[in-house]
Amino acid sequence: GCQGDKGDFARMLTLASVYKDSVTGSAGLSLYPDVKQDHPDSGYIKVAVANGWMSAYLDGPFRPEDKITWEEAATALLKLLGYSTADLIGAYPAAQINKAAALGLADGLTKKQGQTLTNQECVSIFYHLLEAKTQTGAVYASTLGYTLNSDGSVNYLAVISGDLEGPYVVSSSSKWKDILPFALSEATLYYNGSSGKSSQVSQYDVVYYNANSKTVWVYN
């Protein structure tokens with residue numbers, strides 16, 4: 001998961017790309033003055049920089065422990081989707097933030113320019129990334145080989161089935177949270193594929209969860 005810093009965000013970018021099965025944490029070489037060969041994210045940072053999704057600072061360091069801002073994240077995600085500055089209207093960072101919002105990456109996000117992202121917000125935007133349209137008009141998840149439903153949406157259960165727990169049928173709207181091995185206050189919840197709230201969950205709904213990402217999917 002992303003703890004809101006640049007090193008972890010590089011990891012998430014790589015794991016959400018075509019390189020997801022071919023890159024390990026350590027690159028085996030010193031990339032920057034502050035990213036040595038044994039840095040746990042050095043391999044992911046190498047891929048993110050080599051593909052132009054992220055970049056080091058002009059004075060040399062990458063600063064992997066710096067918290068990542070919403071505009072930095074939006075810029076990286078747009079590049080991952082194949083967009084260049086020629087595809088945007090306006091100047092940085094407003095152009096990047098507006099385009100990311102138009103693609104649905106900011107759904108459920110309240111952060112503004114200059115504000116940093118939390119773990120839950122990182123999970124949310126990468127969740128939306130899967131259904132975002134690339135510069136060529138394809139659903140991004142389809143370019144990674146993931147299954148789409150008949151309406152063109154991503155079959156999320158197929159995507160995360162390896163680490164998925166469920167289905168659980170809600171017998172009581174007041175007690176269903178007891179099945180979760182984590183607190184809902186720490187989790188991201190989606191109801192019928194959209195950002196949701198626990199108050200929406202009712203009897204006979206179906207619940208799935210991923211403990212690693214602290215994410216809950218509920219379907220009526």
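Modeller: Let us begin with burial: buried means under 20% relative accessible area, exposed over 50%, and partly exposed in between (1.4 Å probe, protein chains only). In helix H5, the buried residues are Glu121, Cys122, Val123, Ser124, Ile125, Phe126, Tyr127, His128 and Leu129. Since 9 of the 11 residues of H5 are buried, this helix is largely enclosed by the rest of the structure. Please note that this is a predicted model, in which local features need pLDDT of at least 70 and side-chain atom pairs count only at pLDDT 80 or more, while totals for chains, interfaces and linings use all residues. Residues are numbered from 1 along each chain as its sequence is written, and side-chain values use heavy atoms, with hydrogens and water left out.

Colleague: Which elements does the chain have, and in what order do they run from the N terminus?

Modeller: Helices (H or I, at least four residues) and strands (E, at least two) are DSSP runs, numbered from the N terminus. The chain has 7 helices and 5 strands, and their order is α-α-α-α-α-α-α-β-β-β-β-β. The radius of gyration is 18 Å, close to the 17 Å that the globule rule gives for 220 residues, so the chain is as compact as a globular protein of that length. That radius is taken over C-alpha atoms, and the rule is 2.2 Å times the number of residues to the power 0.38.

Colleague: How many aromatic pairs does the structure hold?

Modeller: Rings of Phe, Tyr and Trp (its six-membered ring) pair if their centres lie within 6.5 Å; planes under 30 degrees apart count as stacked, over 60 as edge-to-face and the rest as tilted. The structure holds 8 aromatic pairs. In one of them, the rings of Tyr127 and Trp217 have centres 6.3 Å apart and planes at 40 degrees, so the pair is tilted. Tyr127 lies in helix H5 (residues 119–129) and Trp217 in strand E5 (residues 215–219), so the pair ties together parts that are 90 residues apart in sequence. Both residues, Tyr127 and Trp217, are buried. Ring pairs link Tyr127, Tyr190 and Trp217 into a cluster.

Colleague: Is Glu72 buried, partly exposed or exposed?

Modeller: Glu72 is partly exposed, with a relative accessible area of 25%. Its place is in helix H3 (residues 70–80). Contact means heavy atoms within 4.5 Å. Leaving aside neighbours within four places in sequence, Glu72 is in contact with Tyr57, Lys67 and Tyr92.
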